[in-house]
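This briefing sets out computed features of the protein shown below, grouped by topic for direct reference.

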Amino acid sequence: MQRGSDRLSVHRDDEMKHELQGLLRSGHPTRTEEWNDPEPSAEDDPEVWGGPVVPGTSRASLETVRLELARILGRSSFPAGAEELARTLRRKNAPDALVEAVRRLPHKERYTTVQELAQKLVRDSG
C-alpha cells in the first residue's frame, strides 16, 4: 500500500500529465499571464549568457569585456595593478582565462577604472 500525501488518484495524475504533455513539449511559455514570461534579450545586449567573456575571443568586444570586469570587480577594486586585480578576480571566482589575461598585463601599470583595464585587455589581445 502506498502512503503519502497525494491529493489525486494515480489515474487522475496520469490524465493531467497527458493533458499537459503537448503544452510542455511545445517550447512556448506555460504561463497564462504574459507579464510573467521572461523578456527576450535585446539586439544590443552583451552576450554574457554564452559563457565567460575572455579577451581575444570573437565575442569579446570592448563593451562585453568591460561589463564582465565591472560585474566581477566593482568600483572598490580600483586603482590597482594587474597582479592585484588578478588576485581579486581569482578570489571572486572569475573565469580562469580572464584571470590569466589580466595577469599577463604589464605589472608596473596601474588602472584607475574598469574602462582603462578593458581597453588595455582588448587592445593587447586583438
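Of the 126 residues in the protein, 25% are buried (under 20% relative accessible area; exposed means over 50%, partly exposed in between, with a 1.4 Å probe and protein chains only). The model is predicted: local features need pLDDT of at least 70 and side-chain atom pairs count only at pLDDT 80 or more, whereas totals for chains, interfaces and linings use all residues. Residues are numbered from 1 along each chain as its sequence is written, and side-chain values use heavy atoms, with hydrogens and water left out.

**Overall architecture**

- The protein contains 5 helices and 2 strands, taken as DSSP runs numbered from the N terminus (helices H or I, at least four residues; strands E, at least two).
- Read from the N terminus, the order of elements is α-α-β-α-α-β-α.
- Among contacts (heavy atoms within 4.5 Å) between residues at least 6 apart in sequence, 44% join residues at least 24 apart.

**Surface**

- The accessible surface of the protein is about 9600 Å², and carbon and sulfur atoms account for 50% of that area; accessible areas come from the Shrake-Rupley method with a 1.4 Å probe, and for residues only the protein chains shown count as cover.
- L20, L23 and L24 make a nonpolar surface patch of about 280 Å². Patches consist of residues with over 30% relative accessible area and no salt bridge, like charges being joined within 9 Å and nonpolar side chains (Val, Leu, Ile, Met, Phe, Trp, Tyr) within 5 Å.
- L24 belongs to helix α1 (residues 10-25) and is exposed, at 60% relative accessible area.

**Buried positions in helices**

- Helix α3 (residues 82-91) has A82, L85, A86, T88 and L89 buried. These residues lie on the same side of α3 because they cover an arc of only 160 degrees around the axis, the arc being that of the directions from the helix axis to the C-beta atoms.
- T64, in helix α2 (residues 62-73), is buried with a relative accessible area of 7%. Its side chain reaches the backbone nitrogen of S61 at 3.0 Å.
- K120, in helix α5 (residues 114-125), is buried at 14% relative accessible area. Apart from neighbours within four places in sequence, K120 is in contact with L105, P106, E109 and Y111.

**Salt bridges**

- The whole structure holds 9 salt bridges (a side-chain nitrogen of Lys or Arg within 4 Å of a carboxyl oxygen of Asp or Glu).
- E68 and R71 form a salt bridge, with the closest N and O atoms 2.9 Å apart. The two residues are separated by about one helical turn because they are 3 residues apart in helix α2. E68 is buried at 5% relative accessibility, while R71 is exposed at 57%.
- R90, partly exposed at 36% relative accessibility, meets D96 in a salt bridge (2.7 Å, N to O).
- E100 also forms a salt bridge with R90, at 3.4 Å between the closest N and O atoms. This pair links distant parts of the chain, with E100 in helix α4 and R90 in helix α3, 10 residues apart.
- A network of salt bridges links E83, R90, D96, E100 and R103.

**Backbone geometry**

- Most residues other than glycine have a negative phi, and most peptide bonds are trans.
- The peptide bond between F78 and P79 is cis, with omega about -5 degrees; P79 lies in the loop between α2 and β1 (80-81).
- N93 is not a glycine, yet has a positive phi of about 60 degrees. N93 lies in the loop between α3 and α4 (96-103) and is exposed at 69% relative accessibility.

Key: A polar contact is a pair of N or O atoms within 3.5 Å; within protein, one must be able to donate a hydrogen and the other to accept it, and residues adjacent in sequence count only if both atoms are side-chain atoms.
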